[in-house]
Amino acid sequence: MRTRMYEALSIYVQAMGYPTGVEHMRAPLWSEHILRGGWRAVGAFECPAPADIGPHTPLLGIAYGYRGTPAYWWDIQVREGLTHSGASRRLLDNYFELTELHVHPEQQGRGIGRHLLQALLDGRAEDRVLLSTPEVPDEDNRAWSLYRRLGFQDVLRHFTFRGDQRPFAVLGRELPLPVDPA
């Protein structure tokens, strides 16, 4: 991840539709995330076999996350949201936070996101996985389709994180994630 940081951040910026330059603001945060307990990352590469991956093999997608804990900003925000909504905060007892999942826009729709998610969550010891994603009308984008296909359910809807005025959904599902043979 460290050697491919800016390549991964470029995919993040393109997939999220952010302006160029955002990657420079996110790099320190992503670097700090690597140090968190239970951190894991997976990448998708354009190559015929994993043994063929080299330093110049194009990266097509990235996913990473770590074990959630009340010490982290995201957990604190979601915990407050659950309290205000009356939902059970027990969802935050033993979870993996899917922090980032992004596929280059030109590569989307090929099953890369599903494979990244399955590889990232394979063998995790946590009880569930949680994530946040921007709300979109009628859940009409590839990210929402992927999450729903894989059984993610609503935890919080139309939630606003401090520092970002966009509404987000927090979604979750129990682990393990079933392996899709396709």
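This is a predicted model: local features need pLDDT of at least 70, side-chain atom pairs count only at pLDDT 80 or more; totals for chains, interfaces and linings use all residues.
Helix α3, residues 73-85, lies across β3 (95-103), β4 (128-134), β5 and β6, and its direction is at about 90 degrees to β5.

**The sheet**
- There are 6 strands in an open sheet, and they line up as β1-β2-β3-β4-β6-β5 with mixed pairing.
- Out at the edges sit β1 (40-45) and β5 (153-159), each with pairing on one side only.
- Neighbouring strands in this sheet are turned against each other by 20 degrees on average, ignoring direction.
- β5 pairs with β6 (residues 168-174) in the antiparallel sense, over 4 bridges.
- Within that pair of strands, leucine 156 stands opposite valine 170 of β6.

**Another helix on the sheet**
- Helix α5 (residues 142-149) also lies across β3, β4, β5 and β6.
- Its run is at about 160 degrees to β4.

**The nonpolar cores**
- The largest nonpolar core has 24 residues, and the ones touching the most other members are Leu98, Leu101, Leu116, Leu117, Tyr147 and Phe152.
- Two or more residues each come from β1, β2 (59-67), β3, α4 (112-121), β4, α5 and β6.
- Helix α4 is the top contributor to this core, giving 5 residues.
- Leucine 117 touches Leu98, Leu101, Leu150, Phe152 and Leu177, leaving aside residues up to four places away in sequence.
- There's also a second, separate core of 15 residues, with Ala27, Trp30, Ile34 and Tyr64 among them.

Definitions and conventions. Residues are numbered from 1 along each chain as its sequence is written. Side-chain values use heavy atoms; hydrogens and water are left out. Two strands pair if DSSP finds at least two bridges between them. Axes are lines fitted to C-alpha atoms, for helices over the stretch in contact, and angles run from 0 to 180 degrees between N-to-C directions. Contact means heavy atoms within 4.5 Å. A nonpolar core is a set of buried Ala, Val, Leu, Ile, Met, Phe, Trp, Tyr and Cys residues joined through side-chain atoms within 4.5 Å. Buried means under 20% relative accessible area, exposed over 50%, partly exposed in between (1.4 Å probe, protein chains only).
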